[in-house]
Amino acid sequence: MPGVLVRAAFLLLAGSLGGAAINAVRPDGVGVRGFVASSTCGAGPERVGPRVLGPNAALTLCGDPGVLVADVRSAARFAEGHVAGAIHLPCRASGDALGGALAKLAGKHTVIVYGDSTDEARPVAASLAQRLDPGAAVPPDIVVLEGGFRAWDQAGLACSSGPCPECQERLGSEP
Amino acid sequence: MNPKVVRIIGLSLRLALGGLLLFAGVSKLRDPAGFSQEIANYQLMPELAPYVAVTLPAIELLVGGALLFSPWRWRQAGAVSAALLLGVFLVAVGSAVARGLDITCGCFGTGTSPVSWWTVLRNLGLVAAAVLLLRLDRPKSTRPEATRPAEEPERR
């Protein structure tokens, strides 16, 4: 049995070193030092970070082509109803979905992020702010919708419903 | 149990687990940045996510390869490693489900299904399969079939 454990440890160590070597030579390898997670959904309320905007203040920005609204809730909640024109950017967005969402930030001066509550959107907004292109001349202002979708809905502001095409694509690719 | 049945079960487990680990390793190599994010979403030491994303696919490939293509001693090591890996996955997925996180599994890289109790159950089955493989996989006898003691009652 000790021999088996030594060999098992060897496999794990050799795999780790092999993985590090592969990552070092591939052009799209992960930068282990500069890595920033895109979101920390569910990590709890964050008291510092992006500023908060009330629903009526946010409404004055709607319709401006330089403003992007992002919904961080689940696909099911998004389908039930969302702020008109919002894109779906859930906590678990990664890979192509996250890349696509970040690409949509180009040319925007403001991004309004909302969840079901203010606190649900804060970590995602903070993370989005961290991931913005540092080379951008004027990075967009990331704000959180106060009270989340519930406050928006209760105020009777513009909503639409139905699944987004990106959500359908993602759900379709899941086994 | 009939040795032939034991051998068939052991071989099936080897092929299934080895193939699964190879597939998982290759899938995770496709999008390392996305896979880092999948790991970070578990909120278990997210600062280690890129290190895990870099090393895990190669470990899975090596362990899967050991299960499929190596001699018995290395297959045993592969089974121990597979049980350890799958045990860690079980704890991670179980804790994510228990904390109510709405995240995807990342089991086969990016774009896989959300974690659920079904994912926990599947991982539990895989851990059990690795442990069973460790017990059932036996070295090939170097003695020819015709000279085995069971077929030589006159020598007893």
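**A guided reading**

Guide: Let us begin with a single residue of this predicted model. Glu38(B) is located in helix H2 of chain B, which covers residues 32-40.

Visitor: How far apart are Glu38(B) and Gly109(B) in sequence and in space?

Guide: In sequence, 71 residues separate Glu38(B) from Gly109(B), while their C-alpha atoms are 7.9 Å apart in space.

Visitor: What is to be said of the backbone at Gln43(B)?

Guide: The general idea comes first: for most residues other than glycine, phi is negative. Gln43(B) is not a glycine, yet its phi is positive, at about 60°. Gln43(B) lies in the loop between H2 and H3 of chain B. With 19 other C-beta atoms within 10 Å, Gln43(B) is partly exposed.

Visitor: Let us turn to pairs of helices. At what angle do helix H3 and helix H4 of chain B pack?

Guide: One considers the angle between the two axes and the distance separating them. Helix H3 (residues 49-69) of chain B packs with helix H4 (residues 72-98) of chain B at an angle of about 140°, and their axes are 8 Å apart. Angles over 145 degrees would count as roughly antiparallel; H3(B) and H4(B) are therefore oblique to each other. The crossing of H3(B) past H4(B) is left-handed.

Visitor: Which residues make the contact between H3(B) and H4(B)?

Guide: H3(B) contributes Ile59(B), Val63(B), Ala66(B) and Leu67(B), and the residues from H4(B) include Trp74(B), Arg75(B), Gly78(B) and Leu85(B).

Visitor: Which residues of H1(A) and H3(B) meet?

Guide: Among them are Leu11(A), Gly15(A), Gly19(A) and Asn23(A) in H1(A), and Val54(B), Pro57(B), Ile59(B) and Ala66(B) in H3(B). The residues of the contact of H1(A) with H3(B) divide into 13 nonpolar and six polar, with no charged residue.

Visitor: How is the arrangement of chain A as a whole to be read?

Guide: One counts the elements and then follows their order. Chain A has seven helices and seven strands, and from the N terminus on the order is α-β-α-β-α-β-β-α-β-α-β-α-β-α. Of the 175 residues in chain A, 33% are buried. Among contacts in chain A between residues at least 6 apart in sequence, those that join residues at least 24 apart make up 76%.

Visitor: Where in chain A is confidence lowest, and where is it highest?

Guide: In chain A, confidence is lowest in helix H7 (residues 165-173), with a mean of 50, and highest in helix H1 (residues 2-25), at 90. The mean pLDDT of chain A is 74, with 69% of its residues at 70 or more. Over residues 42-48 of chain A, pLDDT stays under 50, and it also stays under 50 over residues 169-175 of chain A.

Methods. Residues numbered from 1 in each chain as written. Chains lettered and ligands numbered in written order. Predicted model: local features only at pLDDT ≥ 70, side-chain atom pairs only at ≥ 80, totals over all residues. pLDDT = per-residue confidence, 0-100. Helix = DSSP H or I, 4+ residues; strand = E, 2+ residues; numbered from the N terminus. Contact = placed C-beta atoms within 7 Å. Buried ≥ 20, exposed ≤ 12 C-beta atoms within 10 Å, placed from the backbone. Axes fitted to C-alpha atoms, helices over the stretch in contact; angles between N-to-C directions. Parallel < 35°, antiparallel > 145°, perpendicular 65-115°, else oblique. Left-handed = near helix turned anticlockwise from the far one by under 90°. Nonpolar A, V, L, I, M, F, W, Y, C, P; charged D, E, K, R; others polar.
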